[in-house]
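Dear colleague,

I am passing the structure below on to you, and after it I set out what was found in it. Please read the notes with the coordinates open beside them.

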Amino acid sequence: MTVTSVDAAGLGRRRAVGLVAPALILVTAFLVVPAVWTVYLGMTDYRLTGIQAANPQFVGLENFRAAIVDPDFRNSLWLTLLFVLGSAIIGQTVAGFALAWTLRSVPRLVRGGVEALVLLAWILPSSIVAFLWVAYLSGDGGTLNAVLQTTGTEWLLEHPMASIIVFNTWRGTAFSMLLFSAALGAVPPSQLESARLAGAGTFAQLRDVVLPHIRGHVLTNTLLISLWTFNDFSPYLLTAGGPNHASETLPVFIYNKALYGGQLGYGSAISFIMLLINLIIALFYVRLLRERR
Amino acid sequence: MSARMRASVKTPIRARSVVGRLAIVAFVAAAVAFWALPMLWLVTAPFDAHPGLDVSWPDWTLDNFRKLSENPYAFSSLKNSVYLAVGTMVGVTAMAALAAYSLSRVRIPGRNTILYGLLLLSSIVTGTAAMVPIFQLMFALNLIDDRSGVILVLTGGLLPAAIFILKDFMDATPKSYEESARVFGATPLQVLRHVVLPIVRPGLATIAVWALVNVWSDFLTSYILLRDPTKLPAGVVMYTFYSEGGQANLPLISAFSLVYALPVVALYLFVNRRYGFRFHGGIKS
């Protein structure tokens, strides 16, 4: 990076540091301190109530050992993997790309309408959309049962994981759609045209012309939506992790164990594991971002 | 290769394009159904005299909104949401603008490390992953059940990405304007206020809207940090309306959802008309 940054505004280093300071202080207090604190708390038997609340003991790696053998934790890790794989890596990516690809060749008005629906699903407050889905999937007159002629099926109780995976695909596809339509806009139309004249079908065009151009976008998109889905708390609003832990993804597991169940030490250890997984995904992403600048 | 061979066999292109059109129409129809069906309830139930969980042509009434206005928590929760959203928006926009400006213009040692470090940090330490230590921290600071505490936590979480995006906007503004202003004797802070801020206004608007929508729909932070029902924002009150035992009060819930959703819909329409909902340069491959 060549820096010819003559200080045009004449701020001076000292004033510049002063302007950055408020932001840095807040970020340190509410992002750095909690992250470091997790490491410490995760090694104690801290609880919300009882003796351990007043006088927590240092227990070393005991919480992590307990986590490895805890069937609920392992179940939750597996469900989280299913959730990310099903709703983000497959659901949102495929739906987002399919929308971006097809909406190029429909009338403007239709395009605008479909995009508005997908975007609204993305930006409406989570507790509203959660209730909309509770009503939609309800066995008591829910619209899905009316459409599929499956009267009385309680989707959230009978198929909780499938429900939250479809829900999150519905909720989050907008981002992939926007990213891929920006990416497709950068594919030279002349190349698509000549592929079409050479008789390439849709699939061949996608594989040979489009994919090489948008490979970077696909990677960016996958990393970001995986990170967000992994950290998504909205399954809690639909099922609260139930019935009987059947849809308890990691964030919900932490909430139920630590803040509802009061096991703050154990919950912190799990939080730390989550932070590590986030770190791995984010490192990939930041490296990608730096390479492309 | 295979493509070229097929061209020589002379596929009836006309027939294939008809099939292609039909496939597109079918896909778009399926997508509309998939995205619209769950939202229908939000349009019909609030105006139905006897709303159930089903979607049906409403038995028109505005009575649900009267019931809503009589509920003690509904109005206060919307006020709380406005307070949290506006407070966070002002804090994030102001602090991010100052930080982004000086990071863009002055060579502070380790500038790039700070920027990427910040971005990395905010993607890792999310509200969900860090809910336990954040709860602990606020407990230690005696900020549980305090709305300013929620604003601080949300601001801290949104700042890094806001700084990152705003720095791009600041980098793109020509430095010659500032230099001329300096020649005419403006102080650095006058330059910032009268020259730089007006130029980056679209960037500031982006950050402000983004922060507003984020906080307006936030659930978890307030859910873990606030106790007193009169302090809860709309997102949490909405959840308590339908999760607390007993028969869900559907007239209340439906009217409340609509009122709580409307600002977001209005903001969407505004942004869409004014700027268009597209990624331009912001997120590059």
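In which loop of chain A is the place of Asn244(A)? Asn244(A) sits in the loop between H12 and H13 of chain A, and before I say more about that loop, please keep in mind that this is a predicted model. The phi angle of Asn244(A) is near 50°, which is a positive value in a residue other than glycine, and Asn244(A) counts as exposed, with 8 C-beta neighbours inside 10 Å. Pro243(A) lies in the loop between helix H12 (234-239) and helix H13 (250-260) of chain A, and the peptide bond that joins Gly242(A) and Pro243(A) is cis, with omega about -10°.

Chain A as a whole

Chain A has 14 helices and zero strands, and its C-alpha atoms fill a box of roughly 75 × 70 × 30 Å along the principal axes. Of the 293 residues of chain A, 45% count as buried. Among the contacts in chain A between residues at least 6 apart in sequence, 68% join residues at least 24 apart.

Annotated stretches of chain A

An unreviewed UniProt entry places the feature "domain: ABC transmembrane type-1" at residues 73-285 of chain A, and over those residues the chain is 80% helix and 0% strand, with the end C-alpha atoms 27 Å apart. UniProt, again in an unreviewed entry, also places the feature "transmembrane region" at residues 16-40, 77-101, 113-136 and 264-286 of chain A.

Helices within chain A

Helix H6 (residues 126-136) of chain A has eleven of its eleven residues buried, so it is largely enclosed by the rest of the structure. Among the buried residues of H6(A) are Ser126(A), Ser127(A), Phe131(A), Trp133(A) and Tyr136(A).

How do helix H3 (residues 62-69) and helix H14 (residues 264-291) of chain A lie, and at roughly what angle do they cross? Their axes come within 9 Å and cross at roughly 75°, and because angles of 65 to 115 degrees count as roughly perpendicular, H3(A) is roughly perpendicular to H14(A). On the H3(A) side the residues that meet the other helix are Asn63(A), Phe64(A), Ala66(A) and Ala67(A), and on the H14(A) side they are Gly265(A), Tyr266(A), Ala269(A) and Ile270(A). By class, the residues of this contact divide into six nonpolar, two polar and no charged.

The contact between the chains

The contact between the two chains takes 93 residues from chain A and 92 residues from chain B. Helix H1 (residues 13-41) of chain A supplies the largest share of the side of chain A that touches chain B, namely 20 residues, and that side of chain A has 66 nonpolar, 20 polar and seven charged residues.

One residue of chain B can be followed across this contact. Ala130(B) lies in the loop between helix H5 (111-124) and helix H6 (131-140) of chain B, and Ala130(B) is buried, with 30 other C-beta atoms within 10 Å. Leaving aside neighbours within four places in sequence, Ala130(B) is in contact with Pro34(A), Ala35(A), Thr38(A) and Ser271(A), as well as with Val125(B). By contrast, Lys167(B), 37 residues from Ala130(B) in sequence, is 27 Å from Ala130(B) in space, C-alpha to C-alpha.

Chain B

The domain assignment of chain B gives domain 1 (2-61) and domain 2 (71-274), and the centres of these domains, taken over C-alpha atoms, are separated by 35 Å. Five residues of domain 1 of chain B are in contact with seven residues of domain 2 of chain B, and the side of domain 1 that touches domain 2 divides into four nonpolar, one polar and no charged residues.

Chain B also has a residue with a positive phi in a residue other than glycine, Asp145(B), whose phi is near 65°. Asp145(B) is placed in the loop between H6 and helix H7 (147-171) of chain B, and Asp145(B) is partly exposed, with 13 other C-beta atoms within 10 Å.

With best regards

Methods: Residues numbered from 1 in each chain as written. Chains lettered and ligands numbered in written order. Predicted model: local features only at pLDDT ≥ 70, side-chain atom pairs only at ≥ 80, totals over all residues. Helix = DSSP H or I, 4+ residues; strand = E, 2+ residues; numbered from the N terminus. Nonpolar A, V, L, I, M, F, W, Y, C, P; charged D, E, K, R; others polar. Axes fitted to C-alpha atoms, helices over the stretch in contact; angles between N-to-C directions. Parallel < 35°, antiparallel > 145°, perpendicular 65-115°, else oblique. Domains from an automatic or database assignment. UniProt positions renumbered as here; feature names shortened; annotations may be inferred. Buried ≥ 20, exposed ≤ 12 C-beta atoms within 10 Å, placed from the backbone.
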